[in-house]
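Let's take a walk through this structure, charge by charge. Have the viewer open and follow along.

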Amino acid sequence: MSLRVAVVGSGPAGSSAAETLAKAGIETYLFERKLDNAKPCGGAIPLCMVDEFDLPPEIIDRRVRKMKMISPSNIEVNIGSTLKADEYIGMCRREVLDGFLRDRAAALGAKLINGTVHTLEMPKTESDPYTLHYTDHSGGRPVGDTKSLQVDLVIGADGANSRVAKAIKAGDYNYAIAFQERIRLPDAQMAYYEELAEMYVGNDVSPDFYAWVFPKYDHVAVGTGTMRVNQAKIKRLQAGIRARAAKRLEGGEIIKVEAHPIPEHPRPRRVVGRVALVGDAAGTVTKSSGEGIYFAAKSARMCAETIVELSKHGQRIPTEADLKVYIKRWDRAYGMTYKVLDLLQTVFYRSDAAREAFVEMCSDMDVQKLTFDSYLYKTVVPSNPLVQLKITAKTLGSLMRGHALAPTRSW
């Protein structure tokens, strides 16, 4: 019998996993509880993702070639002059991106199930199947029939509040909350953001992250994120970014308000038995940048590729040890990226003095090139060691000038 795999969640992670499995001829079931779901998200994707995941031009709302970094004292640094003519950061609406990836996976053979998985029943022996109990919402029914499905493997791509992760006791992780308002601007105001995005730093907009104004198709996404999670705090921080960007948002109309948890580090266990976690469920969001879309899709594709390879295209059932090969490959490929970005967040988001130093440092051309190269192409170290030394010296100089190395009080 051929391998049967259930993928729970059809965001960029789940759909990418399902597509890879379906292409290999593996019987794949893709679950999504809400087909019109639009996850609260800045929606930025790196240039490498466009080619690597074969995204068509219509998926990209805006091609950002300029970025403003705005310090706590409202000093503005323009970055982007190091970009080549064909380089950009893609800005997407998640409902458009997710819908495209999901539909493509289904067209390639994944069986799309509009349903909510509420229970994952564990096998009694190593060879028994997993049983997913779910509510079927097909036909748009909010209260549907309860059904079951038996499979050999499960991929949990169901986000930060993953039920799959809870079922396998994968352990908890710290998480931040992203809060975002979509604001439709008058044409004159929107023209300012034609190919420009803004990032604001400061305790007034986030004590441990940044706030953003990202352009979309016919509106801007204005939001913030923080690990200091409570409703009153997030509202104050959102008021902070609205105040900082007030002149550029004049005449705007709020068309949607969104909030969502974002993992801050990997779960303690990402593979248990024949269940693997990917994307937010696994904790693949990066610190400092808060990037999640590319790494979610990439982790899921790597997981699915490992399943295809070690199952011999679905002819054998992979073991837990087989699935853990995906984790080893992932950590080997991107472990350094996470360590570098974790260090950057620790150094530069610790105080407003450190944030001022960070924005000052962003005015340097070598720093700008490294920043864009690392984001667009997922490289974290410049090829020339002399450039690395120069950047390190400039970083220390900026921190010293801003008195940012002094001890800070804990929050």
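This is a predicted model: local features need pLDDT of at least 70, side-chain atom pairs count only at pLDDT 80 or more; totals for chains, interfaces and linings use all residues.

Residues are numbered from 1 along each chain as its sequence is written, and side-chain values use heavy atoms, with hydrogens and water left out.

Let's start with the salt bridges. The term here means a side-chain nitrogen of Lys or Arg within 4 Å of a carboxyl oxygen of Asp or Glu. By that rule, the count is 26 salt bridges. Some of them join up: Lys68, Glu76, Glu198 and Arg248 are linked in a network.

Others sit within a helix. Helices are DSSP runs of H or I with at least four residues, strands are runs of E with at least two, and both are numbered from the N terminus. Take Glu19 and Lys23, whose closest N and O atoms are 3.2 Å apart in a salt bridge. Because they are four residues apart in helix α1 (residues 12–23), about one helical turn separates them. To describe how covered they are, call a residue buried under 20% relative accessible area, exposed over 50% and partly exposed in between, using a 1.4 Å probe and protein chains only. Glu19, at 6% relative accessibility, is therefore buried, whereas Lys23, at 56%, is exposed.

Now jump to helix α8 (residues 320–348), where Glu320 and Lys324 are four residues apart and so separated by about one helical turn. These two form a salt bridge as well, with the closest N and O atoms 3.2 Å apart. Here Glu320 is partly exposed at 33% relative accessibility, and Lys324 is partly exposed at 35%.

In helix α9 (residues 352–361), Asp352 and Arg355 lie three residues apart, about one turn of the helix. Their side chains meet in a salt bridge at 2.7 Å, N to O. Arg355 is buried, because its relative accessibility is 0%, while Asp352 comes out as partly exposed at 29%.

So what about a buried charge that has no salt bridge? Asp152 is one: the nearest side chain of opposite charge, Arg274, is 5.0 Å away. (Lys and Arg count as positive and Asp and Glu as negative; His and the chain ends are not counted.) You'll find Asp152 in the loop between β10 (145–151) and β11 (153–156). Leaving out residues up to four places away in sequence, Asp152 touches Ser2, Leu3, Arg4, Tyr130, Arg274 and Ile317, with contact meaning heavy atoms within 4.5 Å.

Move on to the loop between β11 and α4, and you reach Ala160. Ala160 is buried, because its relative accessibility is 7%. Neighbours within four places in sequence aside, Ala160 contacts Tyr173, Pro261, Pro263, Arg267, Asp280 and Ala281.

Finally, head for the surface. Arg33, Lys34, Arg163 and Lys166 form a positive patch. Patches are made of residues with over 30% relative accessible area and no salt bridge, with like charges joined within 9 Å and nonpolar side chains (Val, Leu, Ile, Met, Phe, Trp, Tyr) within 5 Å. The place of a charge is taken as NZ of Lys, CZ of Arg, CG of Asp or CD of Glu, and accessible areas come from the Shrake-Rupley method with a 1.4 Å probe, where for residues only the protein chains shown count as cover. Lys166 belongs to helix α4 (residues 163–167), and its 57% relative accessibility is why it counts as exposed.
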